[in-house]
Amino acid sequence: MSHDSRTAPRICPLCEATCGLTLTIEGTTVTGARGDRDDIFSRGFICPKGASFGGLDADPDRLRVPLVRGDDGELREAAWGEAFDLIAARMPDLVKAHGPQAVGVVLGNPNVHTMAGFLYPPLLLGALRTRNVFTASTLDQMPKHVSSGLLFGDAHAIPVPDLDRTDHLLLIGANPLESNGSLCTAPDFPGRLKALRRRGGTLTVIDPRRTRTARLADRHVAIRPGADALLLAALAHTLIDEKLADPGPLAEHLEGLGELAAALADFTPEAVAAACDVDADTITAIARELAAAPTAAVYGRIGSCTVEHGTLASWLVDILNILTGNLDRPGGALFPLSATARAPRAAEPGTRKAAPGKGFALGRWSSRVSGHPEAKGELPIAALAEEIDTPGEDRIRALVVIAANPVLSAPDGDRLDAALADGLDFMVSVDPYLNETSRRADVVLPPPPPSQSAHFDFAFNNFAVHNQVRYTRAAVPLEYGRMDESEIHARLILAVSGMHGAPPSAVDDLAVDTALTRAGAPKELAAGLTGESGPERRLDLMLRLGPYGLTLEQLLANPHGIDLGPLKPRLPEVLRTRSGRVELLPDPIAADLPRLRRALGDRPAPLVLVGRRHLRSNNSWMHNVGSLTGGSNVCTLQIHPDDAARLGLADGDTARIESSGGGIEAPAEITDTVCSGVVSLPHGWGHSRPGTRMSVAAAHPGANVNQLLDGTLLDPLSGTAVLNAIPVSVTPAH
């Protein structure tokens with residue numbers, strides 16, 4: 001380290017694990033990143049994504065100034081003022097002429113990895129007054145939000161496995177050794193699983209692929225893709241039928257236990273075995289092991305969400321935790337309590353008595369073209385293209401896309417790409433790259449690299465396996481000519497709402513005033529807030545109003561975090577159902593169960609496709625970092641040797657894959673880590689479209705797996721696109 005080098009703590013913003021980093025900085029350049037050994041949550045753990053922080057931060061392809069589309073149709077660099085002037089001149093007039101539903105908003109995954117991406121989009125939606133909201137949630141986790149909303153009355157009340165204290169962990173559709181976890185914020189997930197094994201615990205993994213996580217397990221069950229809900233239903237049936245169900249103290253908080261038994265009566269192990277490719281004895285054994293374990297937790301993720309019965313599978317995960325008495329108890333699945341949660345400080349967690357709440361409703365409005373019901377205020381992102389290119393009143397004519405690349409991440413990117421090019425009057429993109437989606441924008445507003453931004457995990461602390469709080473300020477000063485991401489969002493809100501020219505602080509002042517009103521707190525509290533910026537003042541307020549009564553100053557005094565203790569039981573405090581109880585068999589779930597029963601008689605397609613995750617990737621937004629390319633991080637079609645031989649494919653041959661949405665080509669990777677009858681392609685590739693400025697990604701484009709989908713197949717309760725268990729045909733490419 002040279003004499004002018006220094007180090008700075010930083011929370012990694014590149015996945016849900018939120019590991020603490022120690023950055024090495026030369027001048028204003030990040031030259032290295034290692035795990036922060038003093039971080040109270042991650043204790044020095046780091047993965048390849050975190051180690052590449054400097055490369056991503058200094059990526060020369062990152063945009064540094066706004067782009068605006070000129071009269072010649074080409075994007076050119078522009079001053080910040082010109083970019084916001086153009087938005088202010090176009091967007092309010094468009095809304096005035098066509099109404100608020102003429103505007104759509106798309107929010108991508110990276111939004112929950114930045115402070116600005118969490119704090120400002122709700123204000124933007126309020127200013128636009130549009131119901132045409134689309135997010136990455138309907139490509140991954142919406143089924144879990146819907147099932148939690150129906151069970152607990154709050155779509156954000158999601159229990160997480162108590163990894164550090166459980167005796168038995170059952171994972172379905174999850175591969176945390178490569179994804180680092182999802183809706184379960186757990187730095188060093190691999191180490192926590194190994195610790196489970198060392199203390200004599202049991203790990204069961206249900207997955208059609210023999211993943212790195214599956215290889216670590218005591219029991220790996222190779223399920224037929226898409227049959228997750230059937231298997232989980234059979235496990236629940238077995239617990240009830242064999243009188244192994246014992247909710248324990250939970251019983252007083254449950255509604256509908258008797259009806260649940262009748263609803264699951266048809267899902268015997270024998271009935272589901274053929275549909276799951278799992279024999280009845282194995283199903284029964286797994287259920288008995290769950291019931292016998294001193295503590296146990298069932299955890300399902302993307303693989304069990306992005307299927308036809310994703311919401312039912314997510315619901316059944318919690319039903320199993322409830323039936324075994326493991327919901328809301330140490331060693332089972334508990335509800336985290338973050339430092340910024342809306343919770344009264346006057347009462348200790350767990351002391352709120354059961355009381356009726358507002359409940360959770362689905363389908364309060366529907367999409368214009370196909371009539372898809374909303375879920376959690378969102379419409380299926382698979383419906384975005386048709387909402388743009390189908391004529392009629394309230395057609396989407398303008399789009400605001402924030403940190404999203406739906407041309408690659410949503411089904412049928414070709415149709416969406418054409419809709420963005422030909423069907424919009426105006427489009428704004430907030431994105432650091434000119435990617436496959438932002439290249440269609442009229443204005444591109446680039447946020448600065450992460451080293452130049454403060455970081456707080458508003459979203460992920462709600463899913464943390466240990467209650468803690470950490471905050472890091474920007475590691476290096478904002479580069480001249482750049483604009484802070486929070487100011488970009490604030491000025492965008494002002495521009496679309498007819499307040500262009502007002503100071504950005506006006507947006508934060510309004511947010512503070514609104515938060516005080518909702519909390520019933522005195523307005524004088526605003527004067528005592530500390531912080532160097534609007535976001536810091538808002539964070540300070542949320543901490544003060546939160547369940548621990550912390551302040552921003554306390555976080556700044558503890559740069560490696562504050563330990564808030566292990567997860568604790570919180571029922572009935574978290575319940576917001578109309579009954580004030582856990583509603584085990586909500587009407588939408590009961591109405592969808594006949595569809596699952598019909599699946600018992602389905603005959604499998606000869607070949608189905610599933611996705612996969614890479615440790616050195618995160619969807620489509622980390623493919624431009626040279627140090628993360630190659631190795632296992634490649635876009636190949638994994639195929640079993642028996643299938644490859646039958647189809648005439650050799651390792652490395654180019655395979656042609658076709659399904660309802662079209663066809664793509666990818667190199668064949670012959671491996672017995674996938675079951676016969678199953679092929680696998682990773683998500684987020686396809687960087688071959690012209691007009692982008694991502695040189696590393698373009699040199700390793702891969703194939704866009706979502707182009708195989710036409711977008712018509714959705715989980716009906718959540719609107720989530722079915723991305724797994726897709727019937728495909730595979731042939732050698734000619």
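One aromatic cluster is formed by Phe118, Phe456 and Phe458. The model is predicted, and the count of aromatic pairs comes to 5. The count of salt bridges comes to 37.

**Aromatic contacts**

- In the pair formed by Trp80 and Phe84, the ring centres are 6.3 Å apart and the planes meet at 20°, so the pair is stacked; planes under 30 degrees apart count as stacked.
- Trp80 and Phe84 are both in helix 3 (residues 80–98), and because they are 4 residues apart there, about one helical turn separates them.
- Both Trp80 and Phe84 are buried.

**Salt bridge of Asp162 and Arg165**

- Side chains of opposite charge can pair when their charged atoms come close.
- Asp162 and Arg165 form a salt bridge in which the closest N and O atoms are 2.7 Å apart.
- Asp162 has a relative accessible area of 3% and is therefore buried, the limit for this class being under 20%.
- Arg165, in contrast, counts as partly exposed because its relative accessibility is 33%.

**Salt bridge of Asp218 and Arg197**

- Arg197 and Asp218 form a salt bridge, with 3.2 Å between the closest N and O atoms.
- This pair links distant parts of the chain, 21 residues apart: Arg197 belongs to helix 8, while Asp218 is in the loop between helix 9 and strand 11 (219–221).
- Asp218 is partly exposed at 42% relative accessibility, and Arg197 is likewise partly exposed, with a relative accessible area of 33%.

- With a relative accessibility of 7%, Asp417 counts as buried, whereas Arg440, at 28%, counts as partly exposed.
- Asp417 and Arg440 belong to one network, joined by salt bridges that share partners, which also includes Asp414, Arg439 and Arg689.

**Positive surface patch**

- Lys194, Arg198, Arg212 and Arg215 form a positive surface patch.
- Helix 8 (189–198) and helix 9 (212–216) are the elements that give two or more residues to the positive patch.
- Arg212 is placed in helix 9, and its relative accessibility of 33% makes Arg212 partly exposed.

**A buried proline in a loop**

- Pro247 is located in the loop between helix 10 (228–241) and strand 12 (254–255).
- Although Pro247 is in a loop, Pro247 counts as buried because its relative accessibility is 10%.
- From C-alpha to C-alpha, Pro247 and Ala222 are 29 Å apart in space, and they are 25 residues apart in sequence.

Conventions
Residues are numbered from 1 along each chain as its sequence is written. This is a predicted model: local features need pLDDT of at least 70, side-chain atom pairs count only at pLDDT 80 or more; totals for chains, interfaces and linings use all residues. Side-chain values use heavy atoms; hydrogens and water are left out. Patches are made of residues with over 30% relative accessible area and no salt bridge: like charges are joined within 9 Å, nonpolar side chains (Val, Leu, Ile, Met, Phe, Trp, Tyr) within 5 Å. Accessible areas come from the Shrake-Rupley method with a 1.4 Å probe; for residues, only the protein chains shown count as cover. A salt bridge is a side-chain nitrogen of Lys or Arg within 4 Å of a carboxyl oxygen of Asp or Glu. Lys and Arg count as positive and Asp and Glu as negative; His and the chain ends are not counted. The place of a charge is taken as NZ of Lys, CZ of Arg, CG of Asp or CD of Glu. Buried means under 20% relative accessible area, exposed over 50%, partly exposed in between (1.4 Å probe, protein chains only). Rings of Phe, Tyr and Trp (its six-membered ring) pair if their centres lie within 6.5 Å; planes under 30 degrees apart count as stacked, over 60 as edge-to-face and the rest as tilted.
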